[in-house]
Amino acid sequence: MAELVIFVLFGVIAIAGALTMVLHPNPVYGALGLMATMLSIAVFYVVNSGHFIAAVQVVVYAGAVMTLFLFVIMMIGVDRAESLEERLPLQRQLAIGLGVVFLILIGLIGGNAWITAPEAAAAPNGTVENIADLLFTDWLLPFEVTTLLLIIASVGAVALAQFDARRRGGEE
Amino acid sequence: MDVTAGWYLALGAVLFVIGASGMLLRRNALVMFMSIELMLNAVNLTFVAIGRHTGDLNGQVAVFFVMVVAAAEVVVGLAIMIAVFRRRSSASVDDLAVLNG
């Protein structure tokens, strides 16, 4: 019963936040809506016994990533309200139509075969210890590759900024 | 009434469709980027829900990796966006038509 209450409450918050993100003309409101969605998803992780993942979700997504987003939104300028008018003919109707069709298709497929596996007796316990057990044994190679990915990403970000500054200096 | 994994899958599907629609409906590059993040989160939710249903912890490890990739993607994407904004002072993807033949 408690899980049902949590599911309905945070499900409504998650969907409302997502809709705010898509529909609100001001990107700052959208970013805050998305933050609400991510926090409610973190609650769902806790309910599904993903304790470590929930903490990472709050710290990395709702904390770091959304702060970076807000930083860039502020930098690019929130004062100019984006015009929501659509320049391509039929784009908006087609997009909404395709979204509805997509949802119906997922519902039809899922309604017939949501999950075929039988429910396990015990839910996994996603503590730091258990996750680390998997991460540093079965998933060690992918884990090491992600370090490479992160280095490339940070070097790429610096290179993009440098490249732009150098060309700007050359033009002036 | 028990909340089974199917409920979370349905919620994840709804969030994913909202994200995909946002991608198609909006013309602000930042909002489109946030729609991608929403879709990634929706898929993460399904991973965790299925992982709990089957009693398998590998789903949560997959979520961990998705988060790493998303963080790297955000860093590079926002850097590109700022570089574009410096030259064109607009965040609308409609204005990016340089490669238009």
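The structure is a predicted model, in which local features need pLDDT of at least 70 and side-chain atom pairs count only at pLDDT 80 or more, while totals for chains, interfaces and linings use all residues. Residues are numbered from 1 along each chain as its sequence is written, and chains are lettered from A and ligands numbered from 1 in the order in which they are written.

**Chain A overall**

- Chain A holds 6 helices and 0 strands, and along the sequence the pattern reads α-α-α-α-α-α; helices (H or I, at least four residues) and strands (E, at least two) are DSSP runs numbered from the N terminus.
- Chain A has 172 residues, of which 24% count as buried, a residue being buried if 20 or more other C-beta atoms lie within 10 Å of its own, exposed if 12 or fewer, and partly exposed in between, with C-beta atoms placed from the backbone.
- Among the contacts in chain A with a separation of 6 or more, 56% join residues 24 or more positions apart, where two residues are in contact if their C-beta atoms, placed from the backbone, lie within 7 Å.
- Domain 1 of chain A comprises 1-79 + 125-138 and domain 2 comprises 140-172, with bounds that come from an automatic or database domain assignment; the centres of the two domains, taken over C-alpha atoms, are separated by 26 Å.

**Helices α1 and α2 of chain A**

- Helix α1 (residues 2-23) and helix α2 (residues 27-47) of chain A pack at about 155 degrees with their axes 7 Å apart; axes are lines fitted to C-alpha atoms, for helices over the stretch in contact, and angles run from 0 to 180 degrees between N-to-C directions.
- The two helices α1(A) and α2(A) are therefore roughly antiparallel, since angles over 145 degrees count as roughly antiparallel, under 35 as roughly parallel, 65 to 115 as roughly perpendicular and the rest as oblique.
- Residues making this contact include A:Phe10, A:Ala14 and A:Gly17 of α1(A) and A:Gly33, A:Thr37 and A:Phe44 of α2(A).
- By class, the contact of α1(A) with α2(A) has 13 nonpolar, 6 polar and 1 charged residues; Ala, Val, Leu, Ile, Met, Phe, Trp, Tyr, Cys and Pro count as nonpolar, Asp, Glu, Lys and Arg as charged, and the others, Gly among them, as polar.

**The loop residue A:Ser49**

- A:Ser49 lies in the loop between α2 and α3 (51-76) of chain A, and its phi is near 60 degrees, a positive value in a residue other than glycine.
- A:Ser49 is buried, because 20 other C-beta atoms lie within 10 Å.

**Chain B and its contact with chain A**

- The contact between the chains takes 62 residues from chain B and 69 residues from chain A.
- On the side of chain B that touches chain A, the elements giving two or more residues are α1 (5-25), α2 and α3 (58-88) of chain B, and α3(B) gives the most, with 22 residues.
- That side of chain B divides into 43 nonpolar, 13 polar and 6 charged residues.
- The axes of α2(B) and α3(B) come within 9 Å and cross at roughly 175 degrees, which makes α2(B) roughly antiparallel to α3(B).
- B:Val48, found in helix α2 (residues 29-54) of chain B, counts as buried because it has 29 C-beta neighbours inside 10 Å.
- Not counting residues up to four places away in sequence, B:Val48 touches A:Tyr45, A:Asn48, A:Gly50, A:Ile53, B:Gly59, B:Gln60 and B:Val63.
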